[in-house]
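Please keep the sequence and the coordinates at hand while reading.

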Amino acid sequence: MKQAALRPESYTKKVALVLQGGGALGSYQAGVYEALASSDYKPDWVAGISIGAINAALIAGNSPEMRVEKLREFWRTITTSAIWPVRISDLVNGAGLPFDLGKQISAMHALMFGQSNFFAPRKLADWWFGHTPTSYYDTSSLKSTLERLVDFDRINSREIRFSVGAVNVRTGNFAYFDNAETEIRPEHVLASGALPPGFPSVEIDGEHYWDGGLVSNTPLQYVIEYYPRRSHLVFQVDLFPARGTLPGNLNEVTERDKDIRYSSRTRAGTDTLRQLHDLRHSINMLWERLPDDLRTGPEAALLDKFRCVTTMDIVQVIYRPEHALGQSKDYEFDRPTMETRWAQGLSDAQETIMAAPWLEPMPPELGARTFDVRAKGPIGDTSKN
């Protein structure tokens, strides 16, 4: 394993790991965490949505020395087919057919039969006698998997900050379940990943919740805006790249459509938060120059409430596969594919940590910076992701 750059004592920002949704792509996040776990930038706070919430629970719900092992156990568990004794892609490749076809068959297997220890198609009886369920799959097996691999007492001990996002089905409002404020149960994690119409809503204290990705696929805003604020180094792991090649067929069109939909929201949110925090920082600098007689009145009170002295470093670690993976990439649970994604997440994060551009002095006029080491673009340029 590559030797990570040492963190100087002068760099005192808390570390947050922000994990978005992306289904089967989430093994990339596990690789990123493995790199952080062996560095001087171990997270103090993990926040996630959808598959990111599951990975976050596996991290926060285990002792530091067991976190990577439990992540690996989870991903090996859900990528082990309960039906096919031989990996489908091996059979297809052995017949001399394209490897991409093997991936498509593997994804079709997930759609038809579900994934062991994760989700399963509803029973035929659920559709009889005019009854129509509210989801195609049942996720009770995921609940059992979480209860086996995650120590929720440890999460609630607040050894590490833990937050997951979901959407209230009735009101449409976004909600965060945070162990700083709420006793976390498996239902909170399941709710964050309850993407309709595939998965059913999850009831929590009389309300029903769906996947937080319906509103925002990244919990970055919650981490940056949580009050009282403090300075953070945020590793934001993006599973959908903004840039890609021109599609050559309908399968690639659908993949690019999915990438653009998710990445554009993440980029827009990140850019807005960076600009907003710059504004808060500038207002604070201006406030310090105001004479006492201008620090009174309702206008001044608003400025005083809005200003902020904290600074944020937002590090983007983005999954950029070398070639098109197809529109089914987020529900293609082939184990070799999972391991490849994990390895890339590990490598990309190691490269980022080695570069450590956040150790450069923060310009006084900035409140927040963004970095994307692997884009090779200028600091703060989010257009190259």
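In which loop does Pro 228 lie? Pro 228 belongs to the loop between α9 (220-225) and β9 (232-238). The model under discussion is a predicted one. In this model the peptide bond that leads from Tyr 227 to Pro 228 is cis, with omega near 0°. A cis bond is also found from Pro 196 to Pro 197, where omega is near -5°. Pro 197 is located in the loop between α8 (186-192) and β7 (202-204).

Positive phi values deserve attention next. Asn 117, which is not a glycine, has a phi near 65°, and its position is in the loop between α5 (99-113) and β3 (120-121). With a relative accessibility of 31%, Asn 117 counts as partly exposed. Asp 205 likewise is not a glycine and has a positive phi of about 50°. This residue sits in the loop between β7 and β8 (207-211). Asp 205 is exposed, its relative accessible area being 68%. Asp 205 also takes part in a network of salt bridges that links it with Lys 143, Glu 147, Arg 185 and Glu 187.

The overall architecture can now be set out. The secondary structure of the chain consists of 12 helices and 11 strands. The radius of gyration is 22 Å, close to the 21 Å that the globule rule gives for 385 residues, so the chain is as compact as a globular protein of that length. Along the principal axes, the C-alpha trace spans about 75 × 45 × 40 Å. Of the 385 residues, 50% count as buried. Among contacts between residues at least 6 apart in sequence, 73% join residues at least 24 apart.

What do the salt bridges connect? The count for the model comes to 27 salt bridges. One of them joins Asp 313 to Lys 13, with the closest N and O atoms 3.0 Å apart. This pair links distant parts of the chain, since Asp 313 is in strand β10 (residues 312-318) and Lys 13 in the segment before β1 (14-19), 300 residues apart. Asp 313 is buried, at 0% relative accessibility, and Lys 13 is buried as well, with a relative accessible area of 11%. Asp 313 also meets the side chain of Arg 369 in a salt bridge, at 2.8 Å from N to O. Here the partners are 56 residues apart, with Arg 369 in strand β11 (residues 368-371) and Asp 313 in strand β10. Arg 369 counts as buried, at 7% relative accessibility.

A further salt bridge is formed by the side chains of Arg 374 and Asp 348, with an N to O distance of 3.0 Å. It too links distant parts of the chain, from the segment after β11, where Arg 374 is found, to helix α12 (residues 335-355), which holds Asp 348; the two residues are 26 apart. Arg 374 is partly exposed at 27% relative accessibility, whereas Asp 348 is buried at 3%.

The nonpolar interior comes next. In soluble globular proteins, nonpolar side chains tend to be buried together. The largest nonpolar core of this model has 70 residues, and those with the most contacts inside it are Leu 17, Tyr 41, Ile 54, Phe 118, Phe 162, Phe 235 and Trp 358. Helix α2 (residues 51-60) contributes the largest share of this core, 8 residues. Which residues does Phe 235 contact, leaving aside its neighbours within four places in sequence? They are Val 15, Ala 16, Leu 17, Val 18, Leu 36, Tyr 41, Val 315, Val 317 and Trp 358. A second, separate core has 15 residues, among them Ile 49, Ile 224, Val 234 and Ile 314.

The accessible surface of the chain comes to about 17900 Å², and 56% of it belongs to carbon and sulfur atoms. Leu 124, Trp 127, Trp 128, Phe 129 and Tyr 136 make a nonpolar surface patch of about 700 Å². Within this group, Phe 129 lies in the loop between β3 and β4 (137-138). Phe 129 counts as exposed, at 81% relative accessibility.

Note on methods:
Residues are numbered from 1 along each chain as its sequence is written. This is a predicted model: local features need pLDDT of at least 70, side-chain atom pairs count only at pLDDT 80 or more; totals for chains, interfaces and linings use all residues. Side-chain values use heavy atoms; hydrogens and water are left out. Helices (H or I, at least four residues) and strands (E, at least two) are DSSP runs, numbered from the N terminus. Buried means under 20% relative accessible area, exposed over 50%, partly exposed in between (1.4 Å probe, protein chains only). A salt bridge is a side-chain nitrogen of Lys or Arg within 4 Å of a carboxyl oxygen of Asp or Glu. Patches are made of residues with over 30% relative accessible area and no salt bridge: like charges are joined within 9 Å, nonpolar side chains (Val, Leu, Ile, Met, Phe, Trp, Tyr) within 5 Å. Accessible areas come from the Shrake-Rupley method with a 1.4 Å probe; for residues, only the protein chains shown count as cover. A nonpolar core is a set of buried Ala, Val, Leu, Ile, Met, Phe, Trp, Tyr and Cys residues joined through side-chain atoms within 4.5 Å. Contact means heavy atoms within 4.5 Å. The radius of gyration is taken over C-alpha atoms; the globule rule is 2.2 Å times the number of residues to the power 0.38.
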